[in-house]
Amino acid sequence: MANTSQNIFIAKKQKLRCSNCGNSIPIEHAFVAESEDSKGTCFACSPFVNYTLLPPGNVALTRRSKKHSELCEVLFAWNQRRKRYERKGQYVERTAIIKAEEECAADEATRAIKNEKAAVIRAAKDQAYILEFGAAIRAYYPNCPAQREYEIAKHTCEKYSGRVGRSARAKQFDTKMIDLAVVAHIRHTETNYDSQFGKGKGKKEIRSDLSSSIKRIINSWK
Ligand SMILES: [Zn+2]
């Protein structure tokens with residue numbers, strides 16, 4: 001199993017030098033080191049010179065080829081717009097990739113069923129969340145129009161899909177969360193908020209113009 005602290009960077013810093021052969025490493029070339037500020041080597045002097053780059057995207061293949069390769073290092077490239085390094089794949093032994101591909105082919109059907117099951121569970125959890133959050137909304141806004149609580153809850157559920165704190169049972173719905181969801185819903189469905197844009201007014205101004213009518217509706221729902 002691969003275990004080293006090296007990484008491979010597409011060099012963005014000038015004046016990087018290989019600590020083994022002494023050659024300078026041009027920008028955009030691979031630099032093998034713990035960080036781009038550490039001492040490191042050029043790719044030709046690194047143990048990865050005969051390795052193969054496996055592009056990212058296939059979780060099972062990535063995990064399995066790492067397991068079968070003596071060494072495994074991630075290739076990073078700097079994304080200037082996002083100001084962060086991004087993974088561009090990993091270097092592993094060619095034989096490790098072949099082994100991993102064989103394993104993936106062998107249990108592809110099983111993994112597909114597993115993913116399908118996970119999707120069904122997720123949908124059931126979403127449904128439970130919508131029912132519970134809807135009930136919480138109804139408790140705070142007993143006069144809100146029929147079925148509207150579920151519409152609001154469904155929207156919130158979609159908005160936060162996949163994020164933490166979504167589990168219905170783990171989380172008590174606090175009143176602030178409920179109020180925010182209800183206000184947003186009223187703004188979009190009970191006022192002309194959405195058609196106000198592009199007429200010279202800013203978001204802040206549009207919102208403050210509508211605040212009294214939103215308050216009126218909120219009070220009538222309570
Ligand atoms: Zn070198």
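Start by selecting Ser69: this residue is buried, with 24 other C-beta atoms within 10 Å (buried means 20 or more such neighbours, exposed 12 or fewer, and partly exposed in between, with C-beta atoms placed from the backbone). Before moving on, note that this is a predicted model, in which local features need pLDDT of at least 70 and side-chain atom pairs count only at pLDDT 80 or more, while totals for chains, interfaces and linings use all residues. Residues are numbered from 1 along each chain as its sequence is written.

Ser69 sits in the loop between helix 1 (59-68) and strand 7 (73-79). Helices (H or I, at least four residues) and strands (E, at least two) are DSSP runs numbered from the N terminus.

Next, select helix 3, residues 108-140. Now colour its buried residues, which are Tyr129, Ile130, Phe133, Gly134, Ala136 and Ile137. What covers them? Helix 4 (148-159) and helix 5 (175-189) are among the elements that do.

Bring helix 5 into view beside helix 3. Their axes come within 10 Å and cross at roughly 90°, which means that helix 3 is roughly perpendicular to helix 5. Axes here are lines fitted to C-alpha atoms, for helices over the stretch in contact, with angles from 0 to 180 degrees between N-to-C directions; 65 to 115 degrees counts as roughly perpendicular, under 35 as roughly parallel, over 145 as roughly antiparallel and the rest as oblique. On the helix 3 side, pick Ala136, Ile137 and Tyr140, which meet Thr175, Ile178 and Val182 of helix 5 (contact means C-beta atoms, placed from the backbone, within 7 Å). This contact has 5 nonpolar residues, 1 polar and no charged.

Keep helix 5 and show helix 4. These two pack at about 105°, with axes 10 Å apart, so helix 4 is roughly perpendicular to helix 5. Ile152, His155 and Thr156 of helix 4 and Ala181, Val182 and His185 of helix 5 make the contact. By class, there are 3 nonpolar, 3 polar and no charged residues here.

Finish at helix 6, residues 203-221. Its 19 residues should span 27 Å, and its end C-alpha atoms are 25 Å apart, which agrees. Where does helix 6 bend? Centre on Ser211, where the bend is about 45°.

Definitions and conventions:
Contact = placed C-beta atoms within 7 Å. Nonpolar A, V, L, I, M, F, W, Y, C, P; charged D, E, K, R; others polar. Expected span 1.5 Å × (residues − 1). Bend = angle between axes of the 7 residues up to and from the residue.
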